[in-house]
Amino acid sequence: MDLPIPDMSLVVLIGASGSGKSTFARKHFAPTQVLSSDYFRGLVSDDENDQSASADAFDALHYIAGKRLSAGKVTVIDATNVQREPREQLIKLAREHHVLPVAIVLDIPEAVCVRRNAERPDRDFGAHVVKRHRAELRRALGSLQREGFRKVHVLRGESEVDEARIVPERLNNDLRDQTGPFDVIGDIHGCRAELEELLGELGYAITRDDQGRSVGARHPEGRRAVFVGDLVDRGPDTPGVLRLVMGMVEAGDALAVCGNHEQKLVRAMRGRKVTVAHGLAESLAQLGEESDEYRARVEAFCDGLISHYRLDGGNLVVAHAGLPQAYHGRASGRVRSFALYGDTTGETDEYGLPVRYPWANDYRGRAMVLYGHTPVVDPEWVNGTMCLDTGCVFGGKLTALRYPERETVSVKAHQVWYEPTRPLAPPDPFGGREPSTLALSDVVGKRVVDTGTMGQITVRGEQAASALEVMSRFAVDPRWLLYLPPTMAPTPTRADGELLEHPTEAFADFRSRGVREVLCEEKHMGSRAVVLLTRDESVAPARFGIDGDGAVHTRTGRPFFDEDLTGRLLTRVRAAATEAGLWAELDTDWMLLDAELMPWSAKASALITDQYAAVGAAAGVALPAAADALAEAAGRGVDVADLLARTRSRETNATDFRAAYRRYCWPTDGLDGVRLAPFQILAAQATVFHDRPHTWHLTIADRLRAADPDLFAVTRNLVVDTEDAGSVGAGVRWWTELTEAGGEGMVVKPAANHLPKTQPGVKVRGREYLRIIYGPDYTEPANLSRLRDRNLGHKRSLALREYALGLEGLARLTRGEPLWRVHECVFAVLALESEPVDPRL
Amino acid sequence: MLLTLTTNHTPATDLGYLLFKHPGKAQAFSTASGTAHVFYPRADEDECTAALLLEVDPIALVRGRRNDAFTLGQYVNDRPYAAGSMLAVALSSVFRTAMIGRCDQRPGLAATPIPLRIRVPAAPCWAGPDMAERLFAPLGWRVDARPVPLDTEFPEWGDSRYLDLRIEGELKLSDALKHLYVLLPVMDGAKHYWVGEDEIEKLLRAGDGWLSGHPERDLISLRYLAHRRGYQRTALDRLAELDGGTEAEPVDVLPEAAVLAEDKPEPLSATRRRAVLDALREVRAHRVLDLGCGGGALLRDLLADPTFTEIVGCDVSAGALDAAQRRLRLDQLPDRARDRVALRQSSVTYTDPALAGYDAAVLMEVVEHVDASRLPALERAVFGTANPRHVIVTTPNAEYNVLYPNLPAGKMRHTDHRFEWTRARFQDWAQGVADRCGYTVRYAPVGPEDPVHGPSTQLAVFSRKEAA
């Protein structure tokens, strides 16, 4: 006997003690699927037969069952369940998680049960228990369906039990095996002409019957239409729309989910008492003109409509009024009701219409959800969901979304067919476009971020806690904050000599990892700046859901300048990008640049004056005074020679230290004196440019510089072949000249740019620059030898993880994923940056 | 870091006896802060100068302290050069006997005021040369404190926090050393000076005989003991540094004492809390959110009133919540009191559905710490998602600022304030929020009120329309 068990179900075994439930469960289900009351009794009391532990045992069992059902796992309850109350609790549990409750009854003769129990030493209760169970079971048999079990399988006698076979059954909303491509079409409401036009626009060829009526449409490339419901009511030709849609569905050219209007139409056609409003009268009148046969076909079609579909491996969900993640692929009255009517807040608006709860703002699922029901002026993405009801019948337009292309196609309404009760897109302070405010649960707590290049990356709770404060108090609006640059590891430490860092080790490191060609880039003496540039002011509202024309932020997401100066900087960069022809070349209307902004003092003046200049000032007055005092004492013949020599040397170090930080400081006035050195085009439109060679990026930077030489600084660079001693020698000389002339140092990157599991770059800093980092006296031999003992492992690992997170964020951004998915990565980079790592690395 | 001490007492070389250090030798002592060298640049009948030079090994200094050594400031700092609290510690260790006033060779001299000249070429001072004058002059010193410029190549940067400090006077040597021991750290105020439990004891001993009569007594005690940081900020400091910021904690430009309140003994912060509590009682709120609770001052008041049955303190800073936890002594409260209060890290710019369903939310002096461009996010999170029946907002009234004599024109009251609103601007914002989010709003003055400029703090009570 085959027992069909739906994919998402709670299977309740019912049978007397000794009826063989556990054996049955073991035979047909995996051990983790089966929750046995005996086992839970043991868990909470150490005694599987301790009936006084039953209440606690069932609490625990229900808790675990709830977790499994929430995850959509078929769960089997192995308990007698012969009494009504425990069954009721289980049915309630199934409903709470929107899965189907299924009963499997093991109706085994009393004698068999008693015999089995007698064979088990731990079951010393008498036969009267089995007798009572059997009596209760008999009473239950007739009422199981009524209690709410959607399927009831009764196995009578041992042989039926032995022969039973579990057959998994797919839910009728489960079309995950259908991968499209699809054209998902919004609310039509009887607008047949517009539908025909839209289908034509989408490339479907319409077939007509002998009266010229459209009865089907097929796409030459096998695309299929998916209708989000509300085909009927209000409009001029409900029967015509139905004829076309039914023809498409029956021919396999389309799918349709049920709308609330279809639901009500069916009830009306069946003569149920319904309020004839919201355009139902028009449908009934128009259908009244049709034949009985046609009406019967319509009734059957509308009655058979499923409330939502999961398509394409679960990546696409279509439901008339939308559907939150927890309901995807589930089945219950609540799920159907949400799919048809949506969620309401219980309030009504000034037009007397129910206020709809903006569920999409909270949506965090991975599946794209397409829906209609609430007319909007323009379709907009909200957390990966889109409402395609653009109010055609009210004189708006009829809209389709091409999946997976994510392109919308619309045709205008031919006229206002029906006067709306309220204007389209009611004023909603928070709804509409991508919400400006992300949820706390998007960022806090321990998080595991899936990255395309490095797999799962974990962010610990306390790291997120630190980042939350910085992000909340100091960062720019998350809609501008699409990328944070990763930290960068220094070159492996030089083993001896007067330097801590030298190019030789960097080249050798890349060579040992199989990277032959590297690019040395001059390390600019400024601050990291990320520039989000838009082509004009219309771009950001449409693409990023925020007014403005771009942003310039630091490596922790703070605004670089005030609004006015930021605006002027963006204007200059935009003009240069336009002159360089980048918009057309990159086929984009926005771009994200990674750059260095100089001078350092433009942003870091507080750090320079409070820390570096202050140290220099204190040293500058203390050390000469100390040296003078020591010289006087030496003059008196006191033996202070060593101390004097040390003090003089430190005096020189302090002078060099001051010289080192002074190179980073020059006065700026507005944009005068500010230089920008972009070195990577991070992303634009649908592309992340991490796989373009660095020379490509620098060529674009050169073109920007050519367009505005006053603003843009050149990034000097040199290609080095790590296998070629001559080339390596040239690289070393290049770095030596750069740093001896006061340069900060260089960054060595794989010339090809992104390589898996490879540092995206390592820095090789100059001797004098490191004075700022390691202190004025770090060059003293005794100090150097101690400083060489530095551990780069953590820093390198952090650099790789942050880099992978950054790339993942850009990938999500360019795929058009919702803001919270991008922000998750950006936030994770900031969280990892709060790691305690030696800041001198 | 260097300190020199000169006398013209005759014979001047007696200074060697007083200090217990031979003028003909250079001696080195190991102290908690580094190697202290004592030598005499000059030692003759007419004049004798003792020098104390402290050599600090900055690398060794951070090596032992792995826990908080993760900001650059831990590595590159003024410790090897500036004569602040570390020099004071070395001074007390090297010249311990002299500081007590004991001198077996010249007992009379130790008890006698002698002419003394002291120079500290790089004395850190948080409040400029006037502070040196205020601290040393009342003790009988003539003070010559010259600010050291930050960098002569960048005159626009102004002066550094260091003074080339010279004081002279006729004092007992032991008193002079005690003055330096206490006052150098007071001037310094740097955070690397860790105040241990026994520091109060040390202060009382070193201040014996002079501190109680000093006109700046309160300031000295406060500053000497005040360098304990409220909570660990290392992670934040790190992130600030990455941007070239400094870890400077935001500070009140207006210390509470300076607030205009002659006719009211109560500080403005207390008045504000009282006004908020009154407003909460007036709207009959029992379940209350304190958004941006900081160290928990309002939470403590709420806890004291049993009509507040559920109190949730939220702050974006985990450190502030730790401070609140300590302040409220949550772990020591009886169960019933503890059950009424909860602390939660949350942010007013991220929506947090866990905060939905409360009677009232308090935003006391919070909005002005949020960038104006992020206020819509706050509006959505607080008024939209949390959506309490009432929201109580307080914020400074910018018009009132002209009445603060200590507040420079155009300055805001706190370094972290992103804006301070006039009454009109505040009401404009509040009305907009109310209209968009379905609230009504009314306003009340808090604190001293000026007929022209209004109250020092403005308060708004928002009530959800159906709750009104």
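Seven strands of chain B form an open sheet in this predicted model. Their order is β10-β9-β8-β12-β13-β15-β14, and the pairing is mixed. Two strands form the edges: β10, residues 341–345, and β14, residues 439–450, each of which pairs on one side only. From one strand to the next, the twist averages 15°.

Look next at one pair inside that sheet. Strand β8 of chain B spans residues 287–291, and strand β9 of chain B spans residues 310–315. The two pair in the parallel sense, over five bridges.

One is α11 of chain B, residues 268–282. Helix α11 lies across β8, β12 (360–364), β13 (390–396), β14 and β15 (454–464) of chain B. Its direction is at about 150° to β14(B). The other helix is α16 of chain B, residues 423–437. This α16 lies across β13, β14 and β15 of chain B and runs at about 160° to β14(B).

An unreviewed UniProt entry carries the annotation "domain: Methyltransferase type" for residues 289–380 of chain B. In the model, that span is 30% helix and 23% strand.

Now turn to where the chains meet.

β23(A) pairs with strand β11 of chain B, residues 350–351. The sense is parallel, and there are two bridges. Here A:A439 stands opposite B:T351 in β11(B).

Go back to α21(A), this time with its partner helix. Two packed helices are described by the angle between their axes and the distance between the axes. Helix α21 of chain A covers residues 600–635, and helix α22 of chain A covers residues 641–662. Their axes come within 9 Å and cross at roughly 155°. Angles over 145 degrees count as roughly antiparallel, so α21(A) is roughly antiparallel to α22(A). The crossing of α21(A) past α22(A) is left-handed. The contact of α21(A) with α22(A) has 17 nonpolar, three polar and four charged residues.

The peptide bond from A:M598 to A:P599 is cis, with omega near 0°. Another cis bond joins A:Y403 to A:P404, with omega near 5°. A:P404 is in the loop between β21 (397–403) and β22 (407–412) of chain A. The remaining loop runs between β12 (224–227) and α10 (238–250) of chain A, and A:D233 is found in it. Phi of A:D233 is near 75°, a positive value in a residue other than glycine.

Notes. Residues numbered from 1 in each chain as written. Chains lettered and ligands numbered in written order. Predicted model: local features only at pLDDT ≥ 70, side-chain atom pairs only at ≥ 80, totals over all residues. Axes fitted to C-alpha atoms, helices over the stretch in contact; angles between N-to-C directions. Helix = DSSP H or I, 4+ residues; strand = E, 2+ residues; numbered from the N terminus. Parallel < 35°, antiparallel > 145°, perpendicular 65-115°, else oblique. Left-handed = near helix turned anticlockwise from the far one by under 90°. Nonpolar A, V, L, I, M, F, W, Y, C, P; charged D, E, K, R; others polar. Pairing = 2+ DSSP bridges. UniProt positions renumbered as here; feature names shortened; annotations may be inferred. Contact = placed C-beta atoms within 7 Å.
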